[in-house]
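Open the structure in your viewer and keep the selection tool at hand. The stops below say what to select next and what is there.

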Amino acid sequence: MSNVKVNELTFQAATVNGSGSQSANMVLTRAIFSMGIPVAPKNVFPSNIEGLPTWYQLRITPEGYMARKGDPDVLVALNPATWANDLKTVRPGGAVIHEEAYSTADARDDVTYYPVPFAKLAKTRIASDTLRKQLTNMLYVGLVGGLLGIPRDRLEHGVQRVFQTKPKAWQVNLDAVNVGYDFWEENFRDRPCGFRLEPVKGKVDGLVLVEGNQAAALGALMGGVTVAAWYPITPSSSLCENLIAYADRFRVDPKTGERLISVVQAEDELAALGMAIGAGWAGARAMTSTSGPGISLMAEFSGLAYYAEIPVVIFDIQRVGPSTGLPTRTMQGDVSFAYSLSHGDTRHLVLLPGNVEECYEFARTAFDLADRFQAPVFVLSDLDLGMNLWMTSKFKYPEADFDRGKVLSAEQIEKLQGDWGRYRDVDGDGITYRTLPGTEHPLAGYFTRGSGHDENARYTESAEAYARNMDRLARKLEGARSALPQPILDEPGSEVGLIAFGSTDAAIAEARAVLSESGMRTDYLRLRALPISKAVGEFVARHERVYVVEQNRDGQVYDLVRLELAPDQVGKLRSIRYYDGQPIPAEAITRPLMELEAVPA
Amino acid sequence: MAATLNRIGLARDAYKGAATTMCAGCGHNSITNHLIKALYELGVEPQRLAKMSGIGCSSKTPAYFVEQAHGFNGVHGRMPALTTGAQLADRRLIMLGVSGDGDTVSIGLGQFSATADVGSVQKKGAVNTFQPIDPCAVALTLGCSFVARSFSGDGKQLVPLIKAAIAHRGMALLDVISPCVTFNDHDGSTKSYSWVKEHDEEIHDVSFIPFFEEIAVDYAPGTAVSVEMHDGSHLLLKKLGEEYDPTDRMQAMHLVEDSRAKGQLLTGLLYIDESSPDFATTEHIPAERPLRDLGEQELRLSRADFDTFMDEFA
Ligand SMILES: Cc1ncc(C[n+]2csc(CCOP(=O)(O)OP(=O)(O)O)c2C)c(N)n1
Ligand code: SF4
Ligand SMILES: [Mg+2]
């Protein structure tokens with residue numbers, strides 16, 4: 001066939017969750033990635049343990065785009081409940097592998113069908129009764145391998161990679177894969193489809209596949225976390241689960257069983273943050289990790305840590321709200337809430353990782369920033385970033401030592417002859433000196449409280465002392481503006497600027513490439529932290545029209561940026577919002593931009 | 001006159017704090033004084049002590065003893081969480097938490113607290129209809145390895161119990177009935193000073209002999225139980241009425257329920273298990289080096305491990 005598309009397609013498996021399809025999808029992903037082909041996996045799963053529809057999308061592009069693209073070219077349909085709808089989503093010219101029993105009577109005729117008696121094959125060709133359900137999914141791995149021309153040895157690599165730690169599982173899985181492959185060769189050899197995969201060179205050299213929550217767990221370990229307290233919630237649970245797994249490996253003395261970390265599952269999110277704050281107060285590098293409903297519960301304690309100035313790192317892997325919302329869908333919906341989490345004039349340091357490498361980097365440096373600013377640091381990832389696999393360069397080993405901030409030792413207090421005050425701004429940067437409990441000096445102690453306090457940490461309701469303290473806290477936050485990760489700028493030179501942050505970056509990269517092909521150049525600023533850097537206002541000033549792109553309904557960062565602008569600049573700012581719970585696709589940026597900029601598509 | 005010094009060379013004054021802001025006659029002031037006495041006599045190093053609390057009158061009291069020690073007045077109801085975290089950061093610290101019944105099990109400042117007995121009358125006349133929560137019963141159920149109850153007005157019993165609670169390895173819960181003379185001291189309250197005084201039934205006569213002192217008290221055989229604590233201190237419990245074995249958890253639960261049914265306020269050491277490890281031990285964190293003192297060398301993966309680990313994602 002002449003018009004076969006090579007290494008450019010979107011694959012989708014529609015299955016039932018809890019059936020073991022995730023392993024099959026991973027085998028395919030690893031097999032294809034090992035052919036040197038860029039992959040972008042997206043998992044769309046239900047808030048349920050077993051029995052509800054789930055979809056896995058694997059996007060393959062020569063450019064290595066990592067954003068989601070709506071509709072599939074190749075569909076594996078194994079869920080009778082969603083079959084009719086799944087079929088509708090396939091792009092014209094697509095290929096559909098489906099259970100033979102599903103009706104194609106009055107189905108569309110612009111796709112090619114590959115009916116397969118999955119149930120029968122499983123019964124007759126898979127020996128193990130206990131594993132039959134799981135292995136049925138491996139059949140489609142072989143079928144897709146045949147369909148797209150994935151060499152059998154790559155599929156074997158995929159199986160070994162996915163069952164890395166369970167070599168015993170290799171053969172049974174591989175056997176099932178081969179049953180599928182053989183079936184394709186015996187029945188569909190003469191029914192080729194319009195898509196092929198071919199090994200390539202130079203596209204994914206040195207890249208690895210990592211989930212954001214794996215990256216953040218590794219970052220936290222490298223950042224020196226020693227106390228982590230958490231309460232399970234999707235999509236943040238895997239962060240602490242990974243942390244436990246990595247700590248078991250790298251923080252335990254194999255001889256003595258001594259652990260250089262304590263990861264505690266608390267009774268709820270309030271206690272989780274409370275434990276982390278207690279540990280941070282006593283000088284440990286401490287963290288918690290949560291999502292939507294949990295971050296709401298952490299409001300009061302966040303205010304305490306802000307006002308009493310206690311270092312702690314809080315990961316918020318954002319999911320769809322309000323309330324319980326869509327627990328297994330993604331959103332950038334907690335940004336303005338986290339920024340001012342708690343009552344009164346509370347303002348926090350917020351880091352916005354835009355890719356998995358930054359999930360690692362920011363997780364690590366968040367502990368330095370928390371110690372340095374003696375404040376909670378929020379790391380806002382999201383479900384898309386946290387729970388999907390992303391191609392990335394290998395992470396860098398940190399060269400810098402920990403920054404433990406301004407902590408006075410017994411010797412230093414002795415030198416000061418005890419003349420120190422917990423909240424005295426000696427250096428003029430709003431950051432004061434603290435001591436840790438256990439410091440061996442009679443004048444080291446002080447009383448920490450969330451109620452009004454003066455420079456010497458004494459209880460006070462004095463109007464002046466309160467205002468002085470709040471002004472100092474504001475000064476501290478001002479200083480953070482330039483100390484936090486600064487925006488990444490890419491300005492080829494255009495009147496039009498884009499501002500985005502977090503996981504939206506993937507769709508922005510693709511949208512800008514697409515736009516530039518149709519003759520529309522755009523400049524881009526990727527925001528990486530709150531409070532907002534001065535560079536943002538300067539970027540807006542250099543452009544005529546600036547679009548803030550984000551994944552929430554209310555344009556939360558659009559609002560925050562607007563507040564930073566001079567009055568004559570505010571009119572330049574526009575807002576593009578995407579909020580259906582799916583990761584934003586590039587089209588959700590190119591379409592409105594072309595309309596608003598009136599570029600002929 | 002030179003002040004008497006304790007075993008680490010400190011005078012009693014070293015264990016004092018800021019002037020109290022409690023109402024005159026408040027039970028919390030007595031507790032504070034008993035704490036000062038216990039800490040002084042034990043010779044606790046002020047720098048090793050961390051005073052933790054939540055929000056409420058009682059939660060303010062850590063400011064009124066051991067000025068030198070670090071203190072933390074957190075948020076309402078969450079003293080235990082802060083305390084747990086701080087203890088993990090440095091397991092050598094002696095964590096002393098003060099928390100009111102409202103703070104521990106929900107509100108009680110003029111309003112009813114969750115520990116109020118059914119039928120107890122509020123100052124403005126309302127009658128409590130909810131079943132009370134008994135902190136000791138809860139602690140016993142949850143496996144706390146030291147559970148005792150006492151009364152703010154009974155220093156003779158409370159001081160040795162505080163000492164024993166501090167000497168105990170792991171979590172110790174001491175439920176001290178402290179009548180609020182401003183909101184809860186009227187007739188009809190089952191937590192008024194006079195009611196508590198009348199209904200206080202001591203299970204045994206408690207004395208505490210720290211590890212650094214000789215056991216000088218002598219009881220006739222069969223009249224006292226001696227509990228050896230893990231640091232070599234002893235608790236001597238002299239029989240006052242019926243036989244009671246504080247190492248028997250089922251008996252403790254029974255006693256708590258039974259006394260409630262009889263309308264008694266039983267005080268003394270309800271339960272002790274000196275064999276159970278503390279949280280830091282079950283967490284396997286180092287005994288000598290606090291987690292908070294560990295540096296890059298110990299906490300980061302080595303370069304070789306890091307590279308191997310990254311390769312595993314390929
Ligand atoms: C989240 C929250 N809810 C309510 C309060 C108001 N509050 C302050 S003290 C208190 C009751 C304290 O009772 P208790 O802990 O028994 O202390 P006591 O004053 O009786 O010693 C309450 C409800 C608060 N500070 N925080
Ligand atoms: S209100 Fe009651 S508990 Fe509070 S200080 Fe006064 S007497 Fe004590
Ligand atoms: Mg109370």
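Select A:Arg319 and its bridge partner in β14(A), A:Thr330. The two strands here are β13 (residues 312-320) and β14 (residues 326-330) of chain A, which run antiparallel and are joined by two bridges. Strands count as paired if DSSP finds at least two bridges between them; strands (E, at least two residues) and helices (H or I, at least four) are DSSP runs, numbered from the N terminus. Now move to the turn: the hairpin of β13(A) and β14(A) has five residues between the strands, and A:Ser323 takes a positive phi near 55 degrees there.

Before going on, note that this is a predicted model, in which local features need pLDDT of at least 70 and side-chain atom pairs count only at pLDDT 80 or more, while totals for chains, interfaces and linings use all residues. Residues are numbered from 1 along each chain as its sequence is written, chains are lettered from A and ligands numbered from 1 in the order in which they are written, and side-chain values use heavy atoms, with hydrogens and water left out.

**Salt bridges in chain A**

Select A:Lys406 and A:Asp427. They form a salt bridge (a side-chain nitrogen of Lys or Arg within 4 Å of a carboxyl oxygen of Asp or Glu), and their closest N and O atoms are 2.6 Å apart. A:Lys406 lies in the loop between β17 (389-393) and α15 (410-415) of chain A, and A:Asp427 in the loop between α15 and β18 of chain A, so the pair ties together parts that are 21 residues apart in sequence. A:Lys406 is buried, at 15% relative accessible area, whereas A:Asp427 is partly exposed, at 39%. Here buried means under 20% relative accessible area, exposed over 50% and partly exposed in between (1.4 Å probe, protein chains only).

Next, select A:Asp425 and A:Arg475, a salt bridge with its closest N and O atoms 2.7 Å apart. This pair links distant parts of the chain, 50 residues apart: A:Asp425 is in the loop between α15 and β18 of chain A, and A:Arg475 is in helix α16 (residues 463-483) of chain A. A:Asp425 is partly exposed, with 23% relative accessibility, and A:Arg475 is partly exposed, with 39%.

Then select A:Asp454 and A:Arg458, where the closest N and O atoms of the salt bridge are 3.9 Å apart. A:Asp454 is buried, at 18% relative accessibility.

For a network of salt bridges, select A:Arg285, A:Asp368, A:Asp371, A:Arg404 and A:Arg434 together. How many salt bridges does a search of the whole structure find? Over all chains, the search finds 55.

**Where chain A meets chain B**

Show both chains. The contact (heavy atoms within 4.5 Å) takes 69 residues from chain A and 52 residues from chain B. The buried area is the accessible area (1.4 Å probe) that two parts lose on being put together, summed over both; between chain A and chain B it is about 5,200 Å², of which carbon and sulfur atoms give 63%. Which residues of chain A lose the most area to chain B? Select A:Trp281, A:Tyr397 and A:Phe447, which together account for 13% of what that side buries.

Across this interface the rule finds six salt bridges. One stop is A:Arg249 with B:Glu312, where the closest N and O atoms are 2.7 Å apart.

Strands also pair across the two chains: β18(A) and strand β2 (residues 70-73) of chain B run in the parallel sense over three bridges. Select A:Thr448 to find it opposite B:Phe72 in β2(B).

Now select B:Arg78, in the loop between β2 and α3 (79-89) of chain B. B:Arg78 is buried, at 17% relative accessibility. Not counting residues up to four places away in sequence, B:Arg78 touches A:Glu267, A:Asp268, A:Leu270, A:Ala271 and A:Phe301.

**Last stop in chain B**

Select B:Phe151, in strand β4 (residues 146-151) of chain B. Is this residue buried or exposed? B:Phe151 is buried, with a relative accessible area of 2%. Leaving out residues up to four places away in sequence, B:Phe151 touches several residues, among them B:Leu158, B:Val176, B:Ile177 and B:Tyr193. B:Pro179 is 28 residues from B:Phe151 along the chain, and their C-alpha atoms are separated by 8.8 Å.
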